[in-house]
Amino acid sequence: MEAAPVANLEVVLKEAMSIEGAIGVALVDFTSGMTLATAGGSAELDLTVAAAGNTDVIRAKLRTIEMLKLPDGIEDILITLDTQYHLIRPLHSRAGDGLFLYLALNKGRANLALARHRLRLVEESLEL
């Protein structure tokens with residue numbers, strides 16, 4: 001039964017890649033910056049490099065929330081580039097503490113609201 005989480009992870013990443021406009025998705029540990037799994041990507045987007053860079057983004061935002069003593073957590077972070085959306089979604093399950101999903105989307109093909117909704121569902125289906 002120990003193989004189930006890996007199988008689930010592959011299925012979940014494949015589900016994320018079925019989101020309209022998806023370029024690539026990664027599961028990342030923001031405590032270490034290590035990319036745990038990826039799907040998709042392109043010659044223009046090295047998911048491992050992008051995921052590591054987004055680790056700095058999420059750490060900075062968490063520090064800011066802490067300094068401001070806000071009682072909120074991060075639902076997701078959106079970075080809008082000229083041609084892409086980058087969605088960063090921290091996992092909210094206890095087993096997913098310290099992890100986030102990173103989804104890169106083609107801005108011209110993606111429906112941002114639908115992509116955010118589907119990424120939330122992907123997160124909920126992820127078993128770690």
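Mentor: Helices here are DSSP runs of H or I with at least four residues, strands are runs of E with at least two, and both are numbered from the N terminus. The model is predicted: local features need pLDDT of at least 70, side-chain atom pairs count only at pLDDT 80 or more, and totals for chains, interfaces and linings use all residues. Residues are numbered from 1 along each chain as its sequence is written, and side-chain values use heavy atoms, without hydrogens and water.

Trainee: Where in the chain is confidence highest?

Mentor: Start with the chain's mean pLDDT (the predictor's confidence in each residue, from 0 to 100), which is 91. Helix 1 (residues 4–17) has the lowest confidence, with a mean of 83. The highest, at 97, is in strand 3.

Trainee: Is glutamate 123 buried or exposed?

Mentor: You'll find glutamate 123 in helix 3 (residues 112–125). Buried means under 20% relative accessible area, exposed over 50%, partly exposed in between (1.4 Å probe, protein chains only). Since its relative accessibility is 11%, glutamate 123 counts as buried.

Trainee: Which residue's backbone nitrogen does the side chain of glutamate 123 reach?

Mentor: Skip its neighbours within four places in sequence, and glutamate 123 still has contacts (heavy atoms within 4.5 Å), including Arg89, Pro90 and Leu101. At 2.7 Å, its side chain reaches the backbone nitrogen of histidine 92.

Trainee: Which residue caps the N-terminal end of helix 2?

Mentor: Look for a side-chain oxygen that lies 3.0 Å from the backbone nitrogen of threonine 48. That oxygen belongs to aspartate 46.

Trainee: Which residue in strand 2 is the bridge partner of alanine 26?

Mentor: Strand 1 and strand 2 form a hairpin with four residues between them, and glycine 33 in the turn has a positive phi of about 85°. The two strands pair (DSSP finds at least two bridges) in the antiparallel sense over six bridges. In strand 2, the partner of alanine 26 is threonine 38.

Technical notes
Polar contact = N/O pair within 3.5 Å; in protein donor to acceptor, adjacent residues only side chain to side chain.
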